[in-house]
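Please load the model in the viewer and keep the selection tool at hand. The tour moves from one selection to the next and states what is found at each stop.

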Amino acid sequence: MREGKTWRYAGRVGTGFNDATLNDVHARLRKLETREACVTLPKSASARGVHWVRPQLVAEVSFAQWTKENLVRQAVFQGLRHDKPAIRVVRERAMKITHADRVIDPSTGFTKGDLVEYFAHVSAALLPHVRDRPVSLVRAPEGIEGPMFFQKHAGALDMPHVRMLDLALDPGHAALMTIDRADALCDAAQMNVVELHTWNATARFIDTPDRFVLDLDPDPTLPWQRVREAAVLVRGLLDELGLRCFLKTTGGHGLHVVVPLGRRDDWNTVKTFSHDLAAHLARTLPDRFSARPGPRHRVRKIFVDYLRNQRGATTVSAFSPRARLGLPVSVPIAWDELDVVRSGTQWNIATVPERLRQLGKDNPWDGYARIRQTVTRVAARLKNRALKT
């Protein structure tokens, strides 16, 4: 980073990379390799194996704190920045969080400061699920037992690191927002944001969703085992159709089945297909599923909520807390973990960091980003199945 007219070493980053990221960064750095050192390494840092490069790339890094040697501790790579020249990278001072001791959840005593700490700790895991997507915010200025607000547009909120999107994405309204930096999560927490909800498309490809979500929303009286069985049945249908799907808890009563897409289908195609899926499940297993919203249509059943798959609709993001007692979190899980998950609220802001630590480099959604499937290709298969029932 820059210090006056010179460059200063700020430490190492050892996590936050995947294979694709490492390959990309390595290719970029090779083009900048030089024999001339641009910084002096401190005595605690070994120069063995160091490759020097010209200081032109800018990386965003989250970290726990500065050490006494003015080095970053527990640094996590968040991505490369293209909106800021390297010469402007200086040591940033931590944003002051006001009313950090304000209790958000009386049932646990979790405070605003606890929420800020959670966002900082899980930013590397959370940001890939919200980056470049329009994000809506659930704000709880007086805690989760007070009035709450669902905010889709930025308006007059003072969140300097939250990026405003092109007004053309939602004509006639204030700008939509996206969160693609760790300090933007802190901005959100400062404005009493508890939940983050995202579109099923990125801002760059707003008219072609890259996923659809089936929200398995049960009658609250149903036992959790029925929700688990429902998820397995939905997966079985999707497998037969040739669609790979992934699973996450909702932080509420149900589960989300997430189907990644290759950005070839428009909103209407995806919504129609997801509705047809829900209707097929309800016709085939009417004692288990409903495709109609409203409590009276899901008595002792599970509503397969397909309505989140239309333009402008949102779903709570993976790793977002929920504004409910205990501040539970929506957490990605592997299908082979489903039998040991006890509820949709199994993890909260205090326990998710430990889950991430235990997972290490294991990813419950391994392969998700590489999938390029389309609903158009399998719609006829679903129609043929429906004709046979």
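**The cavity and its lining**

In this predicted model, begin by selecting Arg102, Ile104, Lys112, Leu115, Ala140, Pro141, Gly143, Ala189, Asn192 and Val194, which line the largest cavity. The space inside this cavity amounts to about 60 Å³. How many cavities of 30 Å³ or more are there? The count comes to one.

**Asn192, a lining residue**

Keep Asn192, one of the lining residues, and hide the others. Asn192 sits in the loop between helix 3 (182-190) and strand 13 (193-198). Its phi is positive, about 65°, although Asn192 is not a glycine. Is Asn192 buried or exposed? Asn192 counts as buried because its relative accessibility is 15%, and the cut-off for buried is under 20%.

**Helix 2**

Return to the lining and pick Lys112 and Leu115; both are also among the buried residues of helix 2. Now extend the selection to the whole of helix 2, residues 112-130. A straight helix of 19 residues would span 27 Å at 1.5 Å a residue, whereas the end C-alpha atoms of helix 2 are only 21 Å apart. Where is the kink in helix 2 centred? Centre the view on Ser123: the kink there is about 80°.

Next, colour the buried residues of helix 2, which are Lys112, Leu115, Val116, Tyr118, Phe119, Val122, Ser123, Leu126, Leu127, His129 and Val130. Then step past the end of the helix to Asp132, which follows helix 2 and has a positive phi near 70°.

**His99**

His99 is not a glycine, yet its phi is positive at about 55°.

**Asp215 and its partners**

For the last stop, select Asp215 in strand 14 (residues 211-218). Asp215 counts as buried because its relative accessibility is 7%. Which side chains make polar contacts with the side chain of Asp215? One is the side chain of Arg308, at 2.9 Å; another is that of His256, at 3.5 Å. To display the surroundings, show Thr250, Leu255, His256, Phe303, Val304, Asp305 and Arg308, the residues that Asp215 touches when those up to four places away in sequence are not counted.

Methods:
Residues numbered from 1 in each chain as written. Heavy atoms only, no water. Helix = DSSP H or I, 4+ residues; strand = E, 2+ residues; numbered from the N terminus. Buried < 20%, exposed > 50% of the residue type's maximum accessible area, 1.4 Å probe, protein only. Polar contact = N/O pair within 3.5 Å; in protein donor to acceptor, adjacent residues only side chain to side chain. Contact = heavy atoms within 4.5 Å. Expected span 1.5 Å × (residues − 1). Bend = angle between axes of the 7 residues up to and from the residue. 1 Å grid on protein atoms, 1.4 Å probe; cavity = no way out; pocket = protein on both sides within 12 Å on 5 of 7 lines; lining within 4 Å. Points joined across faces, edges and corners; volume = space filled by probe spheres on them.
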